[in-house]
Amino acid sequence: MDQDPNSLLREVKQYFDQGKHDIKNAFHYLTLWFQLTEREDKRDEAWAMLQELQHTYTTKIEGLSKGFNQFLAITTGEVSPVKIDPLSALVEEIISEYLINTEITYKLTKKLDKHIQLTYPPSFLKSILNTLLDNALMYRQEDRDLVLQVALYRETEVVVLQIQDNGTGMDMERYGSRLFTPFQRFTKQGEGRGLSLHLVKTMVERNGGSITLHSKPNEGTTVTVCLRSYESQKMPASK
């Protein structure tokens, strides 16, 4: 699915405007830091502030770089699809790799059709899954263990990848129309730029698929991604 050039230009401009704003803030805080270092009684406080700044803005720069690289990959098509057979093996590998280092208590249920194959860029699949898992962990309920359900099945001409959680959820009547708009955040919980779902939507739709999200406050969220295979391309099965 081709995106309107004017719409794409607006998104890129918005992306860099946000980056410019972050950089401006960084210089503002560095100016405050230098002022603090001139006062002997504030040097310890200034050092702690600098360490916090280093972490915050290193994370922001890494996020900008990752997002920019994803934009380039999506819009230029500089990725190589491969035939993934079975797809369930790659999905399990990505999930295990993601969750192995988490310290969050969770219960994971997987219903994966082991007979599905898909010709698709593996890097896109990893980005899609990691983003959905990121959101599930970030917006979990603090007073209960996280419950994740991952499903993979075929439906007519598409492969469906679905992730359901029991997290904080959201008011779809209030926020639903802006869910996939870049730089939109609807809660102060966790860290984020409001860009990840937009990137997933762009990635999926440019490859002929679709994404939908259903959510209820205090009950959880279900994200359903429909993936369309690159059937016309002759690619070797992944190992």
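Strand 6 (residues 210-216) and strand 7 (residues 220-227) form a hairpin in this predicted model. Three residues lie between the two strands, and Asn-218 in the turn has a positive phi of about 70°. Strands here are DSSP runs of E with at least two residues, helices are runs of H or I with at least four, and both are numbered from the N terminus. Residues are numbered from 1 along each chain as its sequence is written. Local features need pLDDT of at least 70, side-chain atom pairs count only at pLDDT 80 or more, and totals for chains, interfaces and linings use all residues, while side-chain values use heavy atoms, without hydrogens and water.

Strand 7 runs antiparallel to strand 6, joined by seven bridges. Strand 5 (residues 158-165) also pairs with strand 7 in the antiparallel sense, over seven bridges. Pairing requires at least two DSSP bridges between two strands. Thr-224 in strand 7 is the bridge partner of Thr-212 and stands opposite Gln-162.

In a regular strand the side chains alternate between the two faces of the sheet. Both faces of strand 7 are covered. Gly-220, Thr-222, Thr-224 and Cys-226 are buried on one side, and Thr-221, Val-223, Val-225 and Leu-227 on the other. Buried means under 20% relative accessible area, exposed over 50%, and partly exposed in between (1.4 Å probe, protein chains only).

The largest nonpolar core has 38 residues; Val-225, Leu-227 and Leu-125 are among those touching the most other members. Such a core is a set of buried Ala, Val, Leu, Ile, Met, Phe, Trp, Tyr and Cys residues joined through side-chain atoms within 4.5 Å. Helix 4 (122-138) supplies the largest share of this core, eight residues. Leu-125 has contacts (heavy atoms within 4.5 Å) that include Leu-87, Tyr-120 and Leu-227, not counting residues up to four places away in sequence.
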